[in-house]
Each structure stands twice: as C-alpha cells, then as structure tokens.
Amino acid sequence: MSESIDPVDRLLATARGDAAADPFRVTGVMMQYYHACERELWFASRQLEIDRENPAVVRGTRVDETAYGGRESKQLGMIAIDLLEDGRVVEVKPSSKLVEPARMQLAYYLWYLDRVAGVQRDGVLAHPRERERETVELTDDLAERVEDAIRGIHDLVTEESPPPAEEKPFCEACAYHDFCWC
Amino acid sequence: MDRNYHVFSNGRLERHEDTLRLATEDGEKKHIPIENAEAVYLHGQIDFNTRLLSFLNDNGIAAHVFGWNDYYSGSVMPERGQTSGRTVVSQVRAYDDPAHRRDLAAAFVRGSIHNMRANVAYYDGRSADLDATLERLDTVADSVAEADDVEELMGVEATARKAYYGTFDSVLRDEFELGTREYNPPPNEVNSLLSFGNALVYANCVSAIRATALDPAVSYLHEPGERRYSLSLDLADLFKPLLTDRVLFRLVNRRQITTDDFETELGECLLTERGRQTFSKEFEETLERTVEHPELNRKVSYQYLLRLEAYKLKKHLLAGEAYEPFRRWW
Ligand code: SF4
C-alpha cells in the first residue's frame with residue numbers, strides 16, 4: 001500500500017504519530033547525506049557501520065561538539081535542532097565543500113518546524129572559523145526542494161543496492177571512504 | 001592500524017589502573033600500552049580474572065589464546081557493539097544459495113592460487129621445478145571456472161596448494177625440508193613453522209572480521225562449523241602466502257631460525273619459546289609493512305589489507321557489488 005502514498009505525506013504521518021506500523025523518517029543527517037553523496041546515504045540507511053576508530057568520524061563529531069558552546073539543543077520528533085538565543089535555527093557547515101548539504105539540512109529543519117509544529121523560523125548557516133553567517137529563509141521554492149529531496153531519499157533508501165561510487169571532493173574525509181573504494 | 005602484543009611467558013595478566021600489566025612467574029612486571037592495541041596474543045600459561053575481561057572489552061581489545069601443541073585454542077572477542085542482524089542474514093542467504101556460495105568460494109580459491117603463484121614467481125629462476133609449478137598453477141587456476149560446487153573447489157585448492165608446497169624444498173636452504181604438509185602433529189620444522197604462522201594469520205583474520213560485524217562463523221569455501229570461526233579460514237587462505245610463507249622463507253634463509261629453535265618430542269616437532277618469539281616478531285613487522293593501494297591512493301599496511309578484505313566481503317553481501325579477492329599486485 002505504502003508505495004502509492006506520496007513520501008512527503010508518509011513522512012508527515014510518521015511525524016504526527018499516525019504511522020506507527022510503517023514509519024518513514026528523515027533525519028537532518030539523512031538530508032545532508034542526500035545532498036552530499038547518495039551512496040553515503042544508502043550505506044548509512046543500512047547501518048553499514050564503519051569502524052569507530054576511523055579518524056573522519058571522530059573529526060566530524062568534534063566539530064559539532066565544540067563549535068557553538070552556548071547553543072540550546074531541541075529534539076523534535078525525528079529532528080534535533082540547535083537554537084540561537086533569538087530563536088533562530090542554526091546549522092554549522094563543516095567545510096566549504098559541504099555548504100549546499102548543510103543548507104538543505106537547515107532548510108529541512110525549517111520545513112519540519114513549519115509543517116509539523118506550525119512554527120515559522122529563520123535559519124542561520126554558520127561556520128565556526130569564518131565570521132560570516134548566512135540567513136536562510138523557507139521560501140516556497142526552498143520548501144519545494146525539500147519535498148523533492150524527501151521523495152528522493154525515500155526512493156533511495158528503498159533501493160536494493162547503492163548507487164555506484166563516484167569520486168567526490170570530500171571522499172577523502174568521508175567515513176565510508178575505505179569501505180567505498182576498497 | 002593497531003598493534004598486536006605477544007606474551008610468551010607464563011604468569012598473570014591483569015588490569016592495573018588504566019593499563020594492562022603482565023606479572024610473570026619470576027616476579028617481573030611489564031606494562032602493555034592499550035591505547036593502540038588491537039589484540040593480545042597469549043602464548044604462555046596466563047591467569048586472568050573477569051576484571052581484566054571487562055577491561056579488554058571496554059577497550060575493544062581481543063585476546064587470542066595459543067595452546068602448546070595445537071597453537072590456536074580460541075579467542076576472547078570484544079563486543080564493540082558490532083552485531084548486526086542484517087549482516088548475518090545476508091551472510092546466511094549467500095551461504096544458502098548454492099550458486100552464490102559457489103561463486104564466493106571460487107573467488108577465495110582464485111585469489112589463493114594467485115597469491116601462491118606470486119611467491120613462486122618471486123623465487124623463480126632458482127630451479128626448473130619452479131617453472132613447472134608456475135605452469136601447473138596456471139592450469140589449476142583455469143579449472144576454477146569449471147568447478148561446479150564447493151567440494152570440487154576444495155579439490156582444486158588442495159591440488160594447487162600441493163603443487164605450491166612442492167616448491168618449498170627448492171626455496172628453503174638444505175637443512176630445512178617440508179616434504180609433505182602434515183598437520184597433527186607437525187612432524188618437522190617446516191610443518192611446525194607453517195602451523196604456527198597460519199594460526200597467526202587465522203587469529204588476525206578473526207580480529208579483522210569482528211571489526212566489521214560479519215559473523216565469523218558463517219563461511220563459504222570452508223564448511224561452517226569446521227572451526228568456530230570458519231570465515232577466518234576462508235580469508236586466511238588468501239593471506240597465508242603473503243604472511244606465513246614469506247616470513248618463513250626469510251627467517252630460515254637468513255638463518256634467523258635454525259634447527260635449535262625446535263624441540264622434538266614423541267614425533268612432534270615444535271617451536272621453542274625463542275623460536276616462536278623470533279617468528280612472531282618478524283610476522284608483526286611484516287604486518288606493519290605498507291604498500292601503495294591503487295584505489296585508496298595511499299599506503300596501507302598488510303594488516304589493514306585483512307580489514308579491507310572483510311570490508312569487501314561485507315560490501316558484496318550487503319550492497320550486491322562484486323567481490324574481488326585479494327591478489328598480491330606488487
Ligand atoms: S567515499 Fe565518496 S562516494 Fe563513497 S560514500 Fe563517501 S562521499 Fe560517497
């Protein structure tokens with residue numbers, strides 16, 4: 001049955017708690033992976049775990065923990081957002097190569113807040129070592145891109161096998177690097 | 001890549017504050033740094049308690065236990081949160097599908113023959129025997145494609161290995177002779193070295209497999225249950241020529257191992273503690289050797305090649321991408 005439902009509606013049903021038997025979730029990280037590398041998302045969705053001692057993983061965790069000390073973190077259904085004092089949602093972009101994935105992750109948070117909680121917020125995309133910050137607003141156009149991505153994620157994670165490996169500028173820093181290329 | 005620590009003396013291994021401490025029977029105390037330990041290899045009679053076991057577990061360190069005459073007796077593996085139902089299911093599915101199992105078994109045999117051949121080619125030029133063996137191995141390698149099932153593949157592997165072991169006596173200096181490969185008990189020095197070295201390869205494969213959440217008991221070429229960790233037998237076959245055999249050739253031919261390093265008792269020829277120490281040391285140095293990896297674009301250690309092999313198998317099983325066995329490429 002579920003195949004015929006629009007993944008966006010399915011996601012909203014899950015968020016409202018109406019889809020206990022057949023939930024479909026998209027986390028912020030999934031949204032980010034989807035825009036960075038679909039293969040990475042597929043691996044992650046299958047819990048193809050990599051080693052805990054892998055340096056790339058350790059690095060990723062550290063940036064997040066130390067970047068913005070005074071943030072307030074809120075768990076809201078399938079997402080966990082960080083709020084600034086003025087109530088704006090902040091997302092840290094890990095590197096210049098990953099701006100777009102981070103922006104889409106943030107856009108997804110804004111979309112989720114709006115559609116699930118009925119709260120309209122702006123977002124801030126920030127980098128811990130660069131002073132400039134970019135404000136992100138949920139326009140109709142951006143909301144549509146978020147919804148397209150939700151559909152894309154749904155299709156991808158239900159595929160039997162991952163898309164083939166394609167060299168990306170951030171492969172070197174990817175936790176799946178060795179797994180992917182060996 | 002993390003290191004292996006070998007303990008040869010008898011004594012007690014204990015947690016001492018945040019380190020591992022070995023208290024030997026003669027009252028000596030040694031510390032083993034744990035920050036970068038992959039596994040401890042216990043060759044002597046070692047006492048330990050549950051406090052040590054939880055400590056090893058918390059630090060993700062395996063303990064591989066070596067008995068006196070059967071060399072490998074078992075492992076205490078850290079949990080590492082590395083169990084995955086999905087992985088085991090995919091492993092079992094491939095095992096249960098005769099065509100799939102056959103293809104995986106064939107890959108292991110192809111890889112093994114290639115790696116045996118690489119050793120023979122390295123020593124080629126010393127005698128005419130080796131040329132003949134190279135040809136023989138090529139013919140046997142061709143027959144892998146025609147083998148219909150695992151049983152036939154086992155036969156192919158055995159034929160190749162027999163031809164391969166036949167070259168040992170022309171590679172090794174005169175005092176050392178393999179004759180034929182015999183397991184229990186090893187009747188001569190070379191057999192004894194092979195048993196010891198292969199047990200080390202096997203234990204290292206157990207560690208590599210466990211790091212990936214593959215179930216070490218579900219295997220393809222070897223029958224599951226042949227040993228507790230039969231998947232390790234599958235992987236170990238690929239790496240024995242690179243690890244055991246090359247270490248053996250080096251140590252014997254450089255006279256670092258001599259007949260004095262063995263004790264013969266009741267027809268059983270076994271390495272002395274000193275002999276095992278010498279072998280393990282060279283073996284560990286070999287694991288740390290590196291080679292440029294063409295796909296990863298960096299140097300990787302031989303030990304890491306074992307881990308990559310487990311990755312490749314897992315990727316094949318869960319993502320359906322082709323599995324290409326390890327073939328020495330340098
Ligand atoms: S290594 Fe590159 S291709 Fe592979 S999952 Fe990571 S980013 Fe994607």
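This is a predicted model: local features need pLDDT of at least 70, side-chain atom pairs count only at pLDDT 80 or more; totals for chains, interfaces and linings use all residues.

Where in chain B does B:Leu266 lie? I found B:Leu266 in the loop between β9 (262-265) and β10 (268-271) of chain B. I had picked this residue for its backbone: B:Leu266 has a positive phi of about 50°, although it is not a glycine.

**Another loop in chain B**

I then checked the peptide bond between B:Asn184 and B:Pro185, and it is cis, with omega about 0°. B:Pro185 belongs to the loop that runs between α6 (168-171) and α7 (189-210) of chain B.

**The ligand**

Next I listed the residues around the ligand. I wrote down the cysteines A:Cys37, A:Cys171, A:Cys174 and A:Cys180, along with A:Glu40, A:Glu166, A:Phe170, A:His177 and A:Trp181. Sorted by class, this shell has six nonpolar residues, two charged and one polar. I also asked which element gives the largest share of the shell. My entry reads helix α7 (residues 177-181) of chain A, with three residues. As for the space that the ligand takes, I recorded it as the largest cavity.

**Where the two chains meet**

I turned to the contact between the chains and counted 21 residues from chain A and 22 residues from chain B. Together the two chains bury about 1800 Å², and 47% of that is on carbon and sulfur atoms. On the chain B side, I noted that B:Arg86, B:Tyr311 and B:Lys315 supply 29% of the area buried against chain A, more than any other three residues.

**Salt bridges**

A reminder to myself: side chains of opposite charge can pair when their charged atoms come close. My search of the whole structure gave 27 salt bridges over all chains. I looked up the pair A:Arg39 and B:Glu321, whose side chains meet in a salt bridge at 2.6 Å, N to O.

How values were computed: Residues are numbered from 1 along each chain as its sequence is written. Chains are lettered from A and ligands numbered from 1 in the order in which they are written. Side-chain values use heavy atoms; hydrogens and water are left out. A residue is near a molecule or strand if one of its heavy atoms lies within 4 Å of it. On a 1 Å grid over the protein atoms alone, a cavity is a set of points where a 1.4 Å probe fits but cannot get out, and a pocket is an open set with protein on both sides within 12 Å along at least five of seven lines; lining residues have an atom within 4 Å of a point. A molecule sits in a cavity or pocket if more than half of its atoms lie within 2 Å of its grid points. Helices (H or I, at least four residues) and strands (E, at least two) are DSSP runs, numbered from the N terminus. Ala, Val, Leu, Ile, Met, Phe, Trp, Tyr, Cys and Pro count as nonpolar, Asp, Glu, Lys and Arg as charged, and the others, Gly among them, as polar. Contact means heavy atoms within 4.5 Å. Buried area is the accessible area (1.4 Å probe) that two parts lose on being put together, summed over both. A salt bridge is a side-chain nitrogen of Lys or Arg within 4 Å of a carboxyl oxygen of Asp or Glu.
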